[in-house]
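Welcome to the tour! Open your viewer, get your selection tool ready, and follow along stop by stop.

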Amino acid sequence: MSNTFSNKFVADEKNLALLKETMWGPNAIRQAEELASHFTITKDMRILDLGCGLGLSSLYLVQAYGAEVFATDLYADPTENHERFKSLGIANKIVPMLLDATQSLPFAKNYFDVIFSVGAYNIFGDNEEMLPNLIPYVKKGGYIAVAFPGLKYEFGDNVPPEMQPFWKVPEVAKTVRGIEWWKDLFSKAEGIEIINISEMACNDIAWDEYLANLDPCGGDDLGGDKWTLDMKAAENGKYFNTIQLIAKVI
């Protein structure tokens with residue numbers, strides 16, 4: 001995995017400024033590039049980007065491949081995303097939408113070549129229903145490819161002492177799980193062939209680029225800058241990973 005696109009992107013001063021303004025977590029462009037390296041994307045493909053945030057993963061899919069992308073998120077303003085895409089000259093390839101992935105999707109079945117998600121799937125997909133619900137929207141031979149924060153192993157009842165203050169937050173304990181836990185969940189879905197479930201190589205650099213952009217005096221609540229910095233300092237590279245799943249629809 002060469003990260004050719006990502007390295008060139010962050011080397012450009014204007015792009016780096018955009019990245020700093022739009023990161024909601026570990027660098028989504030690096031994650032998107034590594035995730036997409038496991039299968040073929042072409043300019044003729046239609047891709048549903050679930051949980052796109054401020055659009056970095058969608059930006060990558062358009063700039064790297066010229067694909068048509070539906071950039072969807074429950075918390076990002078689609079109008080603001082559209083204006084951002086216009087400023088980058090890629091608005092004609094992206095449809096920005098407000099979308100709740102847990103609800104019935106407003107698309108035809110077999111409509112997409114790929115469902116793609118970076119940094120969000122663990123929030124809405126930590127259940128047996130989500131993956132089977134998504135599969136019908138992907139053409140046979142298409143892919144579901146997701147990447148999200150995880151753990152090198154499942155804590156269970158043995159949460160390390162340094163991580164216990166953070167695991168007392170229900171949202172964290174529920175959505176940040178071990179790679180074996182996710183393997184077990186994904187293996188229950190029918191209609192797909194698992195191509196890859198593994199730790200992402202870009203985990204450390206994607207986190208480092210995000211953490212360098214945070215304010216040590218920022219928010220002390222869940223997800224705030226200081227909270228995130230404190231959590232990563234406590235973790236100190238021992239427990240976190242980024243998990244990727246690539247499945248082919250059969």
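Begin with the lining of the largest pocket, whose residues divide into 27 nonpolar, 17 polar and three charged. Here Ala, Val, Leu, Ile, Met, Phe, Trp, Tyr, Cys and Pro count as nonpolar, Asp, Glu, Lys and Arg as charged, and the others, Gly among them, as polar. Keep in mind that this is a predicted model, where local features need pLDDT of at least 70, side-chain atom pairs count only at pLDDT 80 or more, and totals for chains, interfaces and linings use all residues. Residues are numbered from 1 along each chain as its sequence is written, and side-chain values use heavy atoms, leaving out hydrogens and water.

Now select Trp 24, Gly 119, Ala 120, Asn 122 and Ile 123: of the 47 residues lining the largest pocket, these lie nearest its centre. The pocket holds about 1300 Å³ of space. On a 1 Å grid over the protein atoms alone, a pocket is an open set of points where a 1.4 Å probe fits, with protein on both sides within 12 Å along at least five of seven lines; lining residues have an atom within 4 Å of a point. The volume is the space filled by probe spheres set on the points, which are joined across faces, edges and corners.

Next, select helix H1 (residues 4–11) and helix H2 (residues 13–22), which pack at about 95° with axes 5 Å apart. That angle makes H1 roughly perpendicular to H2 (65 to 115 degrees; over 145 is roughly antiparallel, under 35 roughly parallel, and the rest oblique). Helices are DSSP runs (H or I, at least four residues), numbered from the N terminus. Axes are lines fitted to C-alpha atoms over the stretch in contact, and angles run from 0 to 180 degrees between N-to-C directions.

Show the side chains of Phe 9, Val 10 and Ala 11 in H1, which meet Glu 13, Asn 15, Leu 16, Leu 18 and Leu 19 in H2 (contact means heavy atoms within 4.5 Å).

On the H3 side, the contact is made by Ile 29, Arg 30 and Glu 33.

For the last stop, select helix H11 (residues 203–211) and helix H12 (residues 225–235), packed at about 140° with axes 11 Å apart. H11 is therefore oblique to H12. Look for Trp 207, Tyr 210 and Leu 211 in H11 meeting Thr 228, Leu 229 and Lys 232 in H12.

How values were computed:
Helix = DSSP H or I, 4+ residues; strand = E, 2+ residues; numbered from the N terminus.
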